Amino acid sequence: MSERVILVVLDGLNHDVGQHAMGYLHALCEAGRATYHALDCELPAMSRPLYECLLTGDRPVDSGVVNNDVVRRSTGTSLFDLAVAQGRRTAAAAYHWVSELYVEAPFDRTRHRFRHDTDAAIQAGLFYWRDHYPDDHLFSDAEMLRQLHAPDFLLVHSMNIDDVGHRDGADSPAYRNAARRADIALADYLPLWMAEGYQILVTADHGMNADRSHSGTLAEERRVPLWTLGGAFTNQRVTGLSQTELCGTLATLMGLSHDKAVASALLAPERAS
Ligand SMILES: [Zn+2]
């Protein structure tokens with residue numbers, strides 16, 4: 001198995017809104033081309049700790065990235081590191097904290113915004129720092145990197161849903177509409193990525209609560225969506241998933257040697273053996 005994979009992280013999208021606001025993604029589910037799952041994120045339900053969890057499989061209490069103020073390169077082995085060490089290509093269009101975790105900290109807006117370095121864990125990168133950097137621009141950035149660099153692993157990380165959630169809270173028209181806009185914008189790219197044969201995960205790092213924040217154990221903070229797209233995935237809804245298993249699952253799909261936990265139930269039966 002040597003698939004190419006795309007991980008889309010819609011920052012701050014909770015399960016409650018994810019299961020009703022994302023019309024295009026759920027259209028794919030109804031057509032049998034995607035499957036919707038849900039899972040509880042690790043704690044604390046905060047961005048930087050959970051970028052690290054998604055990309056290394058390590059819980060925040062184990063990675064040491066326990067809040068957003070831990071500004072240093074990851075000490076874990078990320079999917080970027082694994083892929084590059086085994087001769088695969090990587091790219092990311094993401095918030096600058098991802099650059100700090102896997103390229104260099106602290107982020108320098110001039111030197112680090114655009115990256116192209118085949119020796120780095122993220123070989124091709126485009127990083128932004130404003131939380132309202134438009135999602136449709138970000139998806140376009142990601143597609144540009146994909147066309148230029150043909151990555152085997154591409155991270156696509158948008159911020160607008162989280163940004164609006166912090167201003168208006170999860171129980172607001174603005175938050176729900178930010179999710180709808182991300183879904184509409186993604187519809188311009190997902191068909192192409194599927195046609196190109198990518199195996200795709202669309203998920204969130206954490207959710208959002210009505211207090212305009214997230215970090216704790218409320219369902220709306222912790223429960224996040226997960227869509228799987230591509231023939232390597234099962235078309236059955238899987239429960240009991242752990243966020244720590246997503247990194248290893250993608251590594252397995254890519255055919256990488258690794259010792260991370262894998263959610264075998266997410267893989268199509270003929271792929272899981
Ligand atoms: Zn946030």
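Some ground rules come first. Residues are numbered from 1 along each chain as its sequence is written, and because the model is predicted, local features need pLDDT of at least 70, side-chain atom pairs count only at pLDDT 80 or more, and totals for chains, interfaces and linings use all residues. Side-chain values rest on heavy atoms, with hydrogens and water left out.

Eight strands make up an open sheet with mixed pairing, in the order 2-8-7-1-6-3-5-4. Strands here are DSSP runs of E with at least two residues, helices are runs of H or I with at least four, and both are numbered from the N terminus; two strands pair if DSSP finds at least two bridges between them. Strand 2 and strand 4 (114–116) sit at the edges with a single partner strand each, so one side of each has no neighbour in the sheet. On average, neighbouring strands are turned by 15° against each other, direction ignored (axes are lines fitted to C-alpha atoms, for helices over the stretch in contact, and angles run from 0 to 180 degrees between N-to-C directions).

Strands of a sheet pair through backbone hydrogen bonds, either parallel or antiparallel. With strand 3 (residues 90–95), strand 5 pairs in the parallel sense over five bridges, and Ala91 stands opposite Ala124. Strand 5 is also mostly covered, since five of its five residues are buried (buried means under 20% relative accessible area, exposed over 50%, and partly exposed in between, with a 1.4 Å probe and protein chains only). Ala124, Leu126 and Tyr128 point one way from the strand, while Gly125 and Phe127 point the other way.

Next comes the metal. The zinc ion has its protein donors at 2.1 to 2.4 Å: Asp162 (OD), Asp162 (OD), His166 (NE2) and His214 (NE2). Donors are N, O and S atoms within 2.8 Å of the metal (3.2 Å for Na, K and Ca), and as water is not among the atoms, sites may look incomplete. The four donor atoms subtend angles of 57 to 151° around the zinc ion, which makes the arrangement irregular. Four donors would count as tetrahedral with all angles between 85 and 135 degrees; four count as square planar and six as octahedral if opposite donors are over 155 degrees apart and all others between 65 and 115, and anything else is irregular. Along the sequence, the donor residues follow the spacing D-x3-H-x47-H. Asp162 belongs to helix 9 (residues 160–168), whereas His214 is 52 residues away, in the loop between strand 7 (199–203) and helix 12 (219–222). Both Asp162 and His214 are buried.

On to the rings, where the model holds ten aromatic pairs. Rings of Phe, Tyr and Trp (its six-membered ring) pair if their centres lie within 6.5 Å; planes under 30 degrees apart count as stacked, over 60 as edge-to-face and the rest as tilted. Tyr36 and Trp227 have ring centres 4.9 Å apart and planes at 55°, so this pair is tilted. Tyr36 comes from strand 2 (residues 34–40) and Trp227 from strand 8 (residues 223–229), 191 residues apart. Tyr36 is buried at 4% relative accessible area, and Trp227 is buried at 0%. Phe80 and Phe153 form another tilted pair, 5.0 Å centre to centre with 45° between the planes. Since Phe80 lies in helix 5 (residues 79–85) and Phe153 in strand 6 (residues 153–158), the pair ties together parts 73 residues apart in sequence. Elsewhere, ring pairs link Tyr51, Tyr95, Trp97, Tyr128 and Tyr133 into a cluster.

The peptide bond from Leu43 to Pro44 is cis, with omega near -5°, and Pro44 is in the loop between strand 2 and helix 3 (47–56). The bond from Ala105 to Pro106 is cis too, with omega near -5°. Ala150 is not a glycine, yet has a positive phi of about 45°; this residue is partly exposed at 28% relative accessibility.
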